[in-house]
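Here is a friendly tour of one structure, arranged so that you can follow along in your viewer. Have the sequence and the model open, and we will go topic by topic.

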Amino acid sequence: MKPQSFIFFALATGVLAQTSPENDYKRICFALDGQEEDILPGYRVKYTCDFYGQHNGSPVEGVESAKDCAQLCQTAGSSCAGSSWFMKGRKCLLSGSNSEAKREFTVYMEKVGEASDPFGEDEDDPFGGDEPEEDDPFGGDEPEEDDPFGADEPEEDDPFGADEPEVDDPFGADEPEEDDPFGADEPEEDDPFGADEPEDNDTACGCDNCEVDVACGYPDEASPALKGKAYKVFCQKLDDVGGKNIRPPFKVNSVKECIEACSDVPNSQCKRAIWTNSRDANGQRSCWLREWNGVKKVPTKVGSWSSAHVQE
């Protein structure tokens, strides 16, 4: 039985849980980028946002959450080193030999630990526990009569229709793999988070009913880790308006870009990244980089600026 056939079975039968894709991406990339998490019981991953890793070139469609994408990799067994979830397209790629690249609204989950193989030697495993886990997670070496997937049965008995014409392939095999595994012809400028909404209604996640107030770019007191530095975000708070800057203010396309610029300052001179709560007509924000300048490490003055403090 091909691994893709099992994946399609899992999607079709509702094995994979449904979540809110926007909130899932927001939860990971606003606070957990670069960090590790036990996304499934006994299965640990390291997150890299706006990036997809080496892949097999065959995206699985209809994947509604990062957890569902990680579960596909977990199910694939030791052959899968990680998975990439494209929130915008609801697609998932498993590890392979095709090149990695940056991609907005994508989360790469590198596997750093896993539970035991669900198709392994557990006597309670309904899928044939006596099979060697390292050879085939789907039990390819079992006698034909014991194979629950009927891999070697005649074509008319295959419930997954593996030999149907490729035009019906639910994994989009006919899409151009060499350019972008997620479908490069989709216009990326159509922000799925509602970036084209009026500024006064827009939040960082671009939705009208966000669960938290993230107008300043991150949830208040979020703890992102960017480029090797840990920060704490203070939404709409800054104590030294007009204070001394490390460099002249500059424009950024995102709050994350402003905070990363602070991490890039040599010798850890930058202690705070500061930005405007609202965007300008071009969708950008102004960004300032400062040392402590004698201010408290927890600001109290509420205003039109937000800040992120290095956690030391």
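In β5, Cys-92 is the bridge partner of Val-60. That pairing is a handy way into the fold, which comes from a predicted model.

- β3 and strand β5 (residues 91–94) run antiparallel and are joined by 2 bridges.
- They belong to an open sheet of 6 strands, with antiparallel pairing and the order β1-β2-β6-β4-β5-β3.
- The edges of this sheet are β1 and β3 (60–61), each of which pairs on one side only.
- Strand β1 (residues 36–40) runs antiparallel to strand β2 (residues 43–52), with 4 bridges between them.
- Within that pairing, Glu-36 has Lys-46 in β2 as its bridge partner.
- The hairpin of β1 and β2 has 2 residues between the strands, and Gly-42 takes a positive phi near 75° there.
- As background, strands of a sheet pair through backbone hydrogen bonds, either parallel or antiparallel.

**Helix α3**

- Helix α3 (residues 66–76) is largely enclosed by the rest of the structure, because 9 of its 11 residues are buried.
- The buried residues of α3 are Ala-66, Asp-68, Cys-69, Ala-70, Leu-72, Cys-73, Gln-74, Thr-75 and Ala-76.
- Gly-77 follows α3 and has a positive phi, near 85°.

**The nonpolar cores**

- Which residues touch the most other members of the largest nonpolar core? They are Ile-39, Tyr-47, Trp-85, Val-107 and Met-109, out of 30 residues in that core.
- At least two residues of this core are supplied by each of α2 (21–31), β1, β2, α3, β4 (82–86), β5 and β6 (101–113).
- The largest share, 6 residues, comes from α3.
- Leaving aside residues up to four places away in sequence, Ile-39 touches Val-45, Tyr-47, Ala-66, Lys-67, Ala-70 and Met-109.
- Another core, of 23 residues, lies apart from the largest one, and its members include Cys-262, Cys-270, Leu-289 and Ala-308.

**A loop residue: Ser-223**

- Ser-223 sits in the loop between β6 and β7 (225–226).
- Is Ser-223 buried or partly exposed? Its relative accessibility is 41%, so Ser-223 counts as partly exposed.
- Although Ser-223 and Ala-31 are 192 residues apart in sequence, their C-alpha atoms are 5.4 Å apart in space.
- Ser-223 touches Ala-31, Gln-35 and Tyr-231, not counting residues up to four places away in sequence.

**Salt bridges**

- The count of salt bridges comes to 13.
- Glu-37 forms a salt bridge with Arg-27, and the closest N and O atoms are 2.9 Å apart. This pair links distant parts of the chain, with Glu-37 in strand β1 and Arg-27 in helix α2, 10 residues apart.
- Glu-37 counts as partly exposed because its relative accessibility is 21%. Arg-27, at 36% relative accessibility, also counts as partly exposed.
- Lys-251 forms a salt bridge with Asp-280, where the closest N and O atoms are 3.2 Å apart. Here the link runs from Lys-251 in strand β9 (residues 250–252) to Asp-280 in the loop between β10 (272–276) and β11 (285–290), 29 residues apart.
- Lys-251 has a relative accessible area of 43% and is therefore partly exposed. Asp-280 is partly exposed too, with a relative accessible area of 23%.
- Lys-271 forms a salt bridge with Glu-312, the closest N and O atoms being 2.5 Å apart. Lys-271 lies in the loop between α4 (255–264) and β10, while Glu-312 lies in the segment after β12 (305–310), 41 residues apart.
- Why does Lys-271 count as buried? Its relative accessibility is 15%, and buried means under 20%.
- Glu-312, its partner in this salt bridge, counts as exposed at 63% relative accessibility.
- Glu-22, Glu-64 and Arg-90 are linked in a network of salt bridges.

Notes
Residues are numbered from 1 along each chain as its sequence is written. This is a predicted model: local features need pLDDT of at least 70, side-chain atom pairs count only at pLDDT 80 or more; totals for chains, interfaces and linings use all residues. Side-chain values use heavy atoms; hydrogens and water are left out. Two strands pair if DSSP finds at least two bridges between them. Buried means under 20% relative accessible area, exposed over 50%, partly exposed in between (1.4 Å probe, protein chains only). A nonpolar core is a set of buried Ala, Val, Leu, Ile, Met, Phe, Trp, Tyr and Cys residues joined through side-chain atoms within 4.5 Å. Contact means heavy atoms within 4.5 Å. A salt bridge is a side-chain nitrogen of Lys or Arg within 4 Å of a carboxyl oxygen of Asp or Glu.
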